[in-house]
Structure formats: structure tokens, C-alpha cells
Amino acid sequence: MISNTIKKTDGKKLLLQGLIIFFIFFGVSLLSKGLPFSKDSSAFLPNLLNFIFSISLAACCYRFIKSDKIFVEKLQFSRVSKILFAVLLGIFIVLFLIVFRVPYNIQTVLRKGIVPALSILLAAAAAGVFEEFLVRGVFFAGFLQVFQNKNRMRSVFWASCASAVLFGLLHLTNLTSSSFTAVIQQVFYAAAFGLIFAALRIKYNNLWIPTIIHTLIDFQPAVASNGAPSGHSWIGLIVIFLPLAFLGLTVLFHFDRDCNRSEKAAEMKTVQNT
């Protein structure tokens, strides 16, 4: 069931390529802050250039993985998996609408006018496309291939967990512009988000749905000016994201079982046909 493109990939090489892409992005981002155009009050020009640069790197990521598909054909999910995913998705939608206030943020951005709204859209799309193609694309595929070689039975689950943790850790780069506590909190909830995005990636077998959702979450005024993460209450974060992470892990565990079941069924079918 798992794509031959992923099976034939050198997982360690893919992970190294992903890290190189990330550090290129981080290095260029740091250097660009000192350039004259970064002082543009509307932030349109820097966000336009950042968008072009991010999309170019995302294209490199796609070239590395050659496809946004994980599975050759649609994965057959068990009833338990479908129910658990529906609960996870329902909770996430509530957070999406109420806690993250995505509809309110969209209205707020649109009221700013065409140029500021377009600037924010460019910044949000740059982050959504680049991060998803890097983390859920390159890193996920790399980890999946590595775990396939070591322990085939739980490769999808561990690849999801590893890519989610790495997604959180990559936000440590924000230490250059924000407080330690705020960044550690961002690492925590970004890792929880990573589990949800991994579940979406597996369930729908593409990168575009998590990319669109990621972009919508980032579509807020602070993104245009590269606003640093602000601190939150640890209690609030733990109450919201710890149960969400646990549910995400449970969903991913069952998705992994479904994948193994489908792989075995496909192998038996191949044997019977030969």
C-alpha cells in the first residue's frame, strides 16, 4: 500500500536534505531582516519575496519526495479509526472556529484593505506551503522509510510522531525574536498540531488539506510582520493540547494498524495472483 516512491527513497538522505532546506530558509530569513525592504511599513514587498522563496523551497521538497501521496491507493480505515478521527476532527474544528478564531481573523484582515490583506495572505501561504511540504512531505517520508527498515509494524505511527516532534522543535528558531517561555510553549502546541496534521495527511493521502488548514490558521494580522509568539497560560495550553495530543496519538496508532492490515491484504492478493 505504501507508495513505491517512498519505499525506494533513501530515508536518511531525505532527512538530511530536509534539514539543509530548513537551514537555508532560516539563514536567508535572518539575513533578510537587515535589508532595507524589510522596513516596508505594509510588509508587502518582504512578504512577496518570502513567498516566492518559500514556494521555491517547497518545490524542491516536492522534487525530493516526487509525490504528495503516501499510499498507492486509498487506505481502508476501520470503523474505530473513522470514529476516533471524527472525534479528533470535531474537536479541532471547534478550536479552529472558537479558540483560534479563524473566521474572526479573516474578517479582521479583510477590513485592512487589499494590500495589507494580500500581504498577510502571502505570509500565511508561504508558511503553510513551505512547512507542510517540508515536515509532512520530506521529513514524514524520510522517517517513514527509516522506520520501515527498522520496524515495519509501527512505521506510520512512529513517522507521524517523529515528524510532529520535529515540527515543534523547528520553532526553537523563534528564540531569536521571542522569550524562552513563549517559544517553549510554541514548541509544545506546534508538536500537538503536528500530530493532527499528520492524521490529516494520512487520512486524505495528500499534502493539500493540511496545507490549506495551516494557511488559514496563520491568516492573521501578526503574521504579516513576522510577529513573535506571545506567552500563554501553561494550564490553559495543557488542558487544551495535552488531551488533543493523546487523541491524535490514538488515531495515528489505529491508522497504523489499518495500514499494516492493508499491506498484508495486498501482499496476500499478490501471492494468490502469482
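Me: Which residues is His-214 in contact with, leaving aside its neighbours within four places in sequence?
Reply: Contact requires heavy atoms within 4.5 Å. With those neighbours set aside, His-214 is in contact with Ala-127, Gly-128, Glu-131, Glu-132, Phe-167 and Phe-197. The model is a predicted one, in which local features need pLDDT of at least 70 and side-chain atom pairs count only at pLDDT 80 or more, while totals for chains, interfaces and linings use all residues. Residues are numbered from 1 along each chain as its sequence is written, and side-chain values use heavy atoms, with hydrogens and water left out.

Me: What makes His-214 count as buried?
Reply: The class is set by relative accessible area, computed with a 1.4 Å probe on protein chains only: buried is under 20%, exposed is over 50%, and partly exposed lies in between. His-214 has a relative accessible area of 5%, and is therefore buried. This residue belongs to helix α9, which spans residues 208-218.

Me: Why are α6 and α8 called roughly perpendicular?
Reply: Two packed helices are described by the angle between their axes and the distance between the axes. An axis is a line fitted to C-alpha atoms, for helices over the stretch in contact, and the angle runs from 0 to 180 degrees between N-to-C directions. Under 35 degrees counts as roughly parallel, over 145 as roughly antiparallel, 65 to 115 as roughly perpendicular, and the rest as oblique. The axes of helix α6 (residues 114-150) and helix α8 (residues 180-204) come within 11 Å and cross at roughly 70 degrees. The two helices are therefore roughly perpendicular to each other.

Me: Which hand does the crossing of α6 and α8 have, and which residues meet there?
Reply: The crossing is right-handed; that term applies if the near helix is turned clockwise from the far one by less than a right angle, and left-handed applies if anticlockwise. From α6, Glu-132, Arg-136, Gly-137 and Phe-140 meet Gly-194, Phe-197, Ala-198, Arg-201 and Ile-202 of α8. This contact comprises four nonpolar, two polar and three charged residues. Here Ala, Val, Leu, Ile, Met, Phe, Trp, Tyr, Cys and Pro count as nonpolar, Asp, Glu, Lys and Arg as charged, and the others, Gly among them, as polar.

Me: What angle do the axes of α3 and α6 make, and what is the relation called?
Reply: Helix α3 (residues 44-65) and α6 have axes that come within 8 Å and cross at roughly 20 degrees. That value makes α3 roughly parallel to α6. The crossing of α3 with α6 is left-handed. Residues of this contact divide into 22 nonpolar, five polar and no charged.

Me: How do you know which class of accessibility Thr-5 and Lys-66 fall into?
Reply: Thr-5 has a relative accessible area of 26%, so this residue is partly exposed. Lys-66 reaches 58% relative accessibility and therefore counts as exposed. Thr-5 lies in helix α1 (residues 4-7) and, apart from its neighbours within four places in sequence, is in contact with Ile-65 and Lys-66. Lys-66 sits in the loop between α3 and α4, and its phi is near 70 degrees, a positive value in a residue other than glycine.

Me: What is the phi of Asn-205, and why does Asn-205 count as buried?
Reply: Phi of Asn-205 is near 55 degrees, again a positive value in a residue other than glycine. Asn-205 is located in the loop between α8 and α9. Its relative accessibility is 12%, so Asn-205 counts as buried.

Me: What makes Ser-155 count as buried, and what is Ser-155 in contact with?
Reply: Ser-155 has 1% relative accessibility and therefore counts as buried. It lies in helix α7 (residues 155-169). Leaving aside its neighbours within four places in sequence, Ser-155 is in contact with Leu-144, Phe-147, Gln-148 and Asp-256.

Me: How many disulfides does a search of the whole structure find?
Reply: A disulfide is a pair of cysteine sulfur atoms within 2.5 Å, and the search finds zero. Cys-161, at 13% relative accessibility, counts as buried; Cys-259, at 2%, counts as buried.

Notes: Helix = DSSP H or I, 4+ residues; strand = E, 2+ residues; numbered from the N terminus.
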